[in-house]
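I set out to record what I looked up in this structure, entry by entry.

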Amino acid sequence: MVPEPMTKENLAQLSGPTSPTLTAGESKSSESVKSGRSNTTLSRRASESMHSMVIGSMVAVKGEPPRLPTEKRKPSLSLTTTSINFRGFVQKSGPVFYFQDNVESTLMWDDWPWTVMWMGIWAVVSLHPRLLFCAAPAILVTILCNTYFIRFPQTPTEISASPGDALRASLFSTPILNEEPRHPPIEPHPVTEGEMQYFYNMRDIQNMMRLIIDGYDHIAPLVKYLNWSNVPRTLRLLQASIAAMIITFFIGVYIPVRPTLFLLGEAVLMMNHPWVKPSIDAMQKHFNSGNAAQKRILRKRRMMQRISDLLDEDRLPESVWEKGWRDFEVYENQRFRSNSKRGRGAEDRFWNASSLQASERRPWTRASDGFSADKDNQFDKHTYQLEKGWEWIDGDDWRIDWGGSWSSVGVDENGFLYTDNSWQNPAPYAYGTDPKAPKVPARLLDDPDAEADDDIEDSQDALDDDTVPPKYFAVTRRRRWLRRAVKAV
């Protein structure tokens with residue numbers, strides 16, 4: 001039995017809640033199903049169940065966003081159609097991956113004469129862009145010359161023949177019209193199931209899906225800059241884009257297009273050279289390591305924070321400027337704790353305020369050292385009580401101090417400063433707990449013997465246990481929030 005193509009109504013029934021009551025028609029239908037169940041084979045019932053399960057899990061009609069008008073021209077979702085199309089895609093996707101492999105081989109210098117040849121081709125084309133109009137005929141000529149040798153293979157005495165010889169033979173030698181072909185012409189040949197190439201294509205499809213997933217994961221973090229989740233940040237991006245558009249409109253005529261294209265294309269190929277890429281990686285690693293790199297990052301973030309503050313202050317009304325304002329601060333404190341009850345391999349670790357110990361600072365404090373003016377009251381940034389004579393500015397909200405001007409070593413991209421179990425040894429990265437970060441605090445970055453210190457235990461068991469973590473593990477962190485207040489009248 002071929003499963004019925006799924007329409008919107010079918011999908012809505014699959015994803016929507018089921019009613020506990022049945023109508024008379026539904027009761028008769030259920031009785032007929034029960035009476036005919038004995039005549040239904042196990043494989044048929046399994047196919048129907050799989051069909052419903054797959055469609056119901058893959059499609060959520062209730063949360064489906066509005067589609068474009070092109071939806072009316074698309075076939076309905078069907079497991080049978082999906083299976084047929086996937087099988088055909090595996091059989092006929094070989095040329096796509098062949099082209100992908102050649103591009104990757106060229107970029108990665110797997111065959112350096114081939115890559116050098118393409119560097120030369122790009123140099124000529126970029127300096128003479130009108131040659132792009134010749135690209136399509138040139139590609140067709142190359143294909144025809146190559147297929148000529150398949151149809152008319154060279155004899156041992158003609159083994160030195162080149163595509164140029166094939167071109168001359170096709171243009172000036174009339175005997176080619178009367179010559180008997182030695183081999184049949186090349187024909188498209190989709191692979192069949194069971195062939196080795198079929199499994200190669202499936203492997204390439206698997207890797208292509210991973211490539212799309214990785215690309216999505218790299219692009220997804222950029223959405224927060226575009227979706228107005230942080231209105232001031234996205235507004236600054238919009239203003240910078242408008243300014244860049246105006247600037248490039250006027251200076252674009254002075255940019256040499258051909259040399260620019262030439263240098264960009266050659267740089268893409270040269271960056272992956274087996275000699276150049278390791279050198280660039282080593283220089284980049286050296287440039288981004290040590291206290292000097294942390295100081296550069298600190299200066300950059302403070303400069304960007306200052307620019308952001310200037311833009312925010314420029315939008316304040318004149319009445320605020322006349323009264324004068326002040327930044328009130330509150331600190332958010334968190335502790336790193338691993339959940340060892342879920343298993344050692346679960347990597348279920350997180351930062352939160354609930355992991356703070358009873359004898360240490362509270363989740364929200366008024367000062368960076370963990371003390372508060374009102375020690376007996378628990379508060380957060382939403383219940384912060386202003387001093388007498390001050391009031392919040394309308395429309396202004398709490399903001400993170402991204403620049404970290406309060407920290408001598410700076411903060412990370414989220415505004416956090418990391419410290420050890422005693423809230424000492426600060427660093428703008430989670431040393432010891434983040435495998436991608438340096439393993440020592442900021443003060444030990446330039447110490448060549450820091451890794452060999454007996455106090456530095458790079459042991460995973462210490463974090464999975466409930467005991468006190470080692471000395472050089474960043475298990476506490478804090479960041480500062482700011483909000484502007486104006487003098488009350």
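**Entry 1: Salt bridges**

I looked up Arg-326 and found that its side chain meets that of Glu-387 in a salt bridge, at 3.2 Å from N to O. I applied the rule that a salt bridge is a side-chain nitrogen of Lys or Arg within 4 Å of a carboxyl oxygen of Asp or Glu. Arg-326 lies in strand β1 (residues 325-338) and Glu-387 in the loop between β3 (364-365) and β4, so this pair ties together parts that are 61 residues apart in sequence. I took helices (H or I, at least four residues) and strands (E, at least two) as DSSP runs, numbered from the N terminus.

I note here that the model is predicted: local features need pLDDT of at least 70, side-chain atom pairs count only at pLDDT 80 or more, and totals for chains, interfaces and linings use all residues. Residues are numbered from 1 along each chain as its sequence is written, and side-chain values use heavy atoms, with hydrogens and water left out.

For accessibility I used these classes: buried means under 20% relative accessible area, exposed over 50%, and partly exposed in between (1.4 Å probe, protein chains only). Arg-326 is partly exposed, with a relative accessible area of 33%. Glu-387 also falls in the partly exposed class, at 41% relative accessibility.

How many salt bridges does the rule give? The count comes to 15. One of them pairs Glu-193 with Arg-87, whose closest N and O atoms are 2.7 Å apart. This pair links distant parts of the chain: Glu-193 is in the loop between α9 (175-178) and α10 (196-219), Arg-87 is in helix α4 (residues 79-92), and they are 106 residues apart. I found Arg-87 to be partly exposed, at a relative accessible area of 34%.

I then looked up Glu-413, which forms a salt bridge with Arg-301, the closest N and O atoms being 3.7 Å apart. Because Glu-413 lies in the loop between β5 and β6 and Arg-301 in helix α14 (residues 290-314), the pair ties together parts that are 112 residues apart in sequence. Glu-413 counts as exposed at 53% relative accessibility, whereas Arg-301 counts as partly exposed at 25%.

**Entry 2: Strand β7**

Is strand β7 largely enclosed or open? Of the 12 residues of β7 (residues 476-487), 11 are buried, so the strand is largely enclosed by the rest of the structure.

I listed its partners under the rule that two strands pair if DSSP finds at least two bridges between them. Strand β4 (residues 390-392) pairs with β7 in the antiparallel sense over three bridges; Trp-390 has Lys-487 of β7 as its bridge partner. Strand β5 (residues 399-400) is joined to β7 by two bridges, and the two run antiparallel. The bridge partner of Arg-399 in β7 is Leu-482. Strand β6 (residues 417-419) also runs antiparallel to β7, with three bridges between them. There, Thr-419 stands opposite Thr-476 of β7.

Within strand β7 I looked up Ala-485. Ala-485 is buried, with a relative accessible area of 0%. Its C-alpha atom is separated by 9.9 Å from that of Gly-389, 96 residues apart along the chain.

**Entry 3: Positive phi**

Most residues other than glycine have a negative phi. I therefore noted two tryptophans. Trp-109 is not a glycine, yet has a positive phi of about 60°. Its place is in the loop between α5 and α6 (112-127), and at 11% relative accessibility Trp-109 counts as buried. Trp-228 has a positive phi near 60° and sits in the loop between α10 and α11 (231-251). Trp-228 counts as partly exposed, at 40% relative accessibility.

**Entry 4: A negative patch**

Which residues form the negative surface patch? I recorded Asp-101, Glu-104, Asp-110 and Asp-111. For such patches, residues have over 30% relative accessible area and no salt bridge, and like charges are joined within 9 Å; Asp and Glu count as negative, and the place of a charge is taken as CG of Asp or CD of Glu. Areas come from the Shrake-Rupley method with a 1.4 Å probe. Asp-101 is found in helix α5 (residues 94-107) and is partly exposed, with a relative accessible area of 40%.

Technical notes: Patch = residues over 30% accessible without salt bridge, like charges linked within 9 Å, V, L, I, M, F, W, Y side chains within 5 Å.
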